[in-house]
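I opened the model to look up its strand pairing, its core and its confidence values. My notes follow in the order I checked things.

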Amino acid sequence: MKKVVCILVFLASFISFVVCCHSKATNTNSLVKESSKEISKYFALNARLYRVLSMHPVIEIRQNFLPKIMTGEVFVVYESEEGRGTFFSATLTDGVQIHVAEELLMRPLRLQQLVLFHEFVHYQQYIGGHAFPEMFNPSFADAYPEKRESFCKQKWHTEFEAYQKECELSDRLKGGPDFCRGFQASDFVEKLAAWVAVNDSSASICKETYLQMVQSKQF
Ligand SMILES: [Zn+2]
């Protein structure tokens, strides 16, 4: 870990230096200050993410997913969701890029671990060839309206699997998200399907298909 910190500090100094040398004299100071602030924030968020993943109860995340994130093989983008109404999400795009809400990293540890585990399931679906990269891009269904139904059906299965596994983990760990409560009840699968059909972010473009899937019990 010390090595990693040294490399990061070196990179920060190097980037600051490059920014410094290429800035015009008039705005050099403000640019350097702004860049340093952004770099410090990035490293602080990275350190938080590292902590959450290195303490994750799922061994594959600690041993397989975390190293891929640390080397950039799975690329992390931090986003601020302030004002958007959702304060704790993460999204996998293109199969190998994770957009993490900065606010997620301020939430309780268990919730962070569950949300990141959900994205890990999507990553596995992508790596295993069960999901194509476009499926993780919400604009896909709009860009190819003729493929919307098949897109939505496949998306449904990937989302349902990810939520189901997330709830199984939540049940083991306790203190998971509200929609996972009652996991052991006999109608849990129906309840979860109904929840996903309305509440997942892809429901806004796939609602009709999702409701059909729920009605025909395709989960
Ligand atoms: Zn998902």
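I looked up Ala90 first: its bridge partner in β3 is Val100. Elements here are DSSP runs numbered from the N terminus, with helices (H or I) of at least four residues and strands (E) of at least two. This is a predicted model, where local features need pLDDT of at least 70, side-chain atom pairs count only at pLDDT 80 or more, and totals for chains, interfaces and linings use all residues. Residues are numbered from 1 along each chain as its sequence is written.

**Sheet.** I followed β3 (residues 97-101) to both partners. Five bridges join β3 to β1 (residues 75-79), and this pair runs parallel. Four bridges join β3 to β2 (residues 90-93), and this pair runs antiparallel. I count strands as paired if DSSP finds at least two bridges between them. Gln97 turns up in both pairs: Phe75 has Gln97 as bridge partner, and so does Thr93. The sheet is open, with order β1-β3-β2 and mixed pairing. β1 and β2 stand at the edges with a single partner strand each, so one side of each has no neighbour in the sheet. Neighbouring strands are turned by 20° against each other on average, direction ignored.

**Hairpin.** I checked the turn between β2 and β3. It holds three residues, and Asp94 there has a positive phi of about 55°.

**Helix over the sheet.** I found α4 lying across β2 and β3, at about 15° to β2. Axes are lines fitted to C-alpha atoms, for helices over the stretch in contact, and angles run from 0 to 180 degrees between N-to-C directions.

**Core.** Which residues touch the most other members of the largest nonpolar core? I got Ala90, Val100, Phe117, Phe120 and Tyr210, out of 41 residues. Such a core is a set of buried Ala, Val, Leu, Ile, Met, Phe, Trp, Tyr and Cys residues joined through C-beta atoms within 7 Å. Buried means 20 or more other C-beta atoms within 10 Å of the residue's own, placed from the backbone. Elements supplying at least two core residues each include α2, α4 (109-127) and α8. The largest share, eight residues, comes from α6.

I then took Phe117. Beyond neighbours within four places in sequence, Phe117 is in contact (C-beta atoms, placed from the backbone, within 7 Å) with Val58, Ile61, Glu166 and Leu169.

**Confidence.** I read a mean pLDDT (the predictor's confidence in each residue, from 0 to 100) of 83, with 84% of residues at 70 or more.

Note on methods: Buried ≥ 20, exposed ≤ 12 C-beta atoms within 10 Å, placed from the backbone. Contact = placed C-beta atoms within 7 Å.
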